[in-house]
Amino acid sequence: MGTRTLTSTDVERLVEWEGLLAALERVHRELATGRAVQPAPVPLRDPSAEAADSPAVVPMLSFAPDLGLFAVKVLADAPRNRELGRPAQRSTVSLYAADTGECLAIVDGRALTRIRTAAATTMATRALARPDSRTLALLGSGALAMEHAAALGRAFELDEIRVWSRSADRAGSASDGLRALGIPAVAAASAADAVREADIVCTLTPSLSPILSAGMLAPGVHVNAVGSPPRRAYSELESSVFARAAVVAVDSRQVAWADSGNVRNAVTSGAVAEADIVEIGEVLEGLVPGRTSPEDTTIFNSVGIGLQDLAAADHILRRAAAAGAGTMVTIRE
């Protein structure tokens, strides 16, 4: 058989949006009903490195018995790389047949992570936001923000996308780039200006301290907090946002509690009870209610889980096999 290796260029060419969304929804439903396994990752760090931004290696494991697959994503998280103009995260996903242990694919994680993150956000936003949402605010202006603009623009009839960044130049460049693609985008002068009366808000920054408070938000807003890396010291939302929310959903309770500064801060401050946090798969499966009123504030908080990488890699592999894409290698004779 052999192992199919896929580059980020392969991933970008092969992804089919609705198919990817369906694949992600499936594994989240399976997780909610106990048919998939998603342990919390255990980061590996230099024991002598005490700084919050010291490098870490994060093995992300996942098992989907119904698909007959398990996956291992190795994420190298090095926040200090940003100061050197290098990627803060690098990753590789390997996909295996559960019955034989055969390595089916090795996929570069750069595009896969960016695309599956935006797809998971879109999946959650479809489930929790008002269907008539028209205004999107993006706090952040990097590649992940651009991917979210395109993804949510497919799912909702958006009249305006507002982009804010701590760098006005980057916000301007991002909004210019979106307009060039036919997406109605404007640069916002401040985070408060960006989110004012917005229907959907996405925080997409590696911020150590919160950039969004409840007082900045309109009634009925849906918030996607997806920028923070899997580090407890990082947080994009003030606990007041959680205190106001009718629904707080995460991709995995276990992973969120282990790795999300947003969730841990909200729970320890008393803004939300740990027992009241739901998994997005439970909402999709109808096990718990989602939005019940147009005035509800809803939150999807995610640091990403291995099952999302498994689903995305499986989706890409199936399309690559049909198209004859990628490079076949023999790992074991």
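**Strand pairing in two open sheets**

Strands β4 (residues 69–77) and β5 (residues 89–97) run antiparallel and are joined by nine bridges. Within this pairing, Ala71 has Leu95 of β5 as its bridge partner. The model is predicted.

Both strands belong to an open sheet of seven strands. The order is β2-β3-β4-β5-β6-β1-β15, and the pairing is mixed. The edges are taken by β2 (44–45) and β15 (327–329). Each has a single partner strand, so one side of each is left without a neighbour in the sheet.

A further open sheet is made up of eight strands. Here the order is β9-β8-β7-β10-β11-β14-β12-β13, and the pairing is parallel. Strands β9 (185–187) and β13 (278–279) form the edges, each pairing on one side only. Ala249 stands opposite Val278 in β13.

Helix α5 (residues 168–180) lies across β8 (160–164) and β9. The angle between α5 and β9 is about 165°.

Glu197 is not a glycine, yet its phi is positive, at about 60°. The residue sits in the loop between α6 (191–195) and β10 (200–203). Strand β10 is itself part of the eight-stranded sheet, between β7 and β11 in the order. The relative accessibility of Glu197 is 56%. The cut-off for an exposed residue is over 50%, so Glu197 counts as exposed.

Definitions and conventions:
Residues numbered from 1 in each chain as written. Predicted model: local features only at pLDDT ≥ 70, side-chain atom pairs only at ≥ 80, totals over all residues. Heavy atoms only, no water. Pairing = 2+ DSSP bridges. Helix = DSSP H or I, 4+ residues; strand = E, 2+ residues; numbered from the N terminus. Contact = heavy atoms within 4.5 Å. Axes fitted to C-alpha atoms, helices over the stretch in contact; angles between N-to-C directions. Buried < 20%, exposed > 50% of the residue type's maximum accessible area, 1.4 Å probe, protein only.
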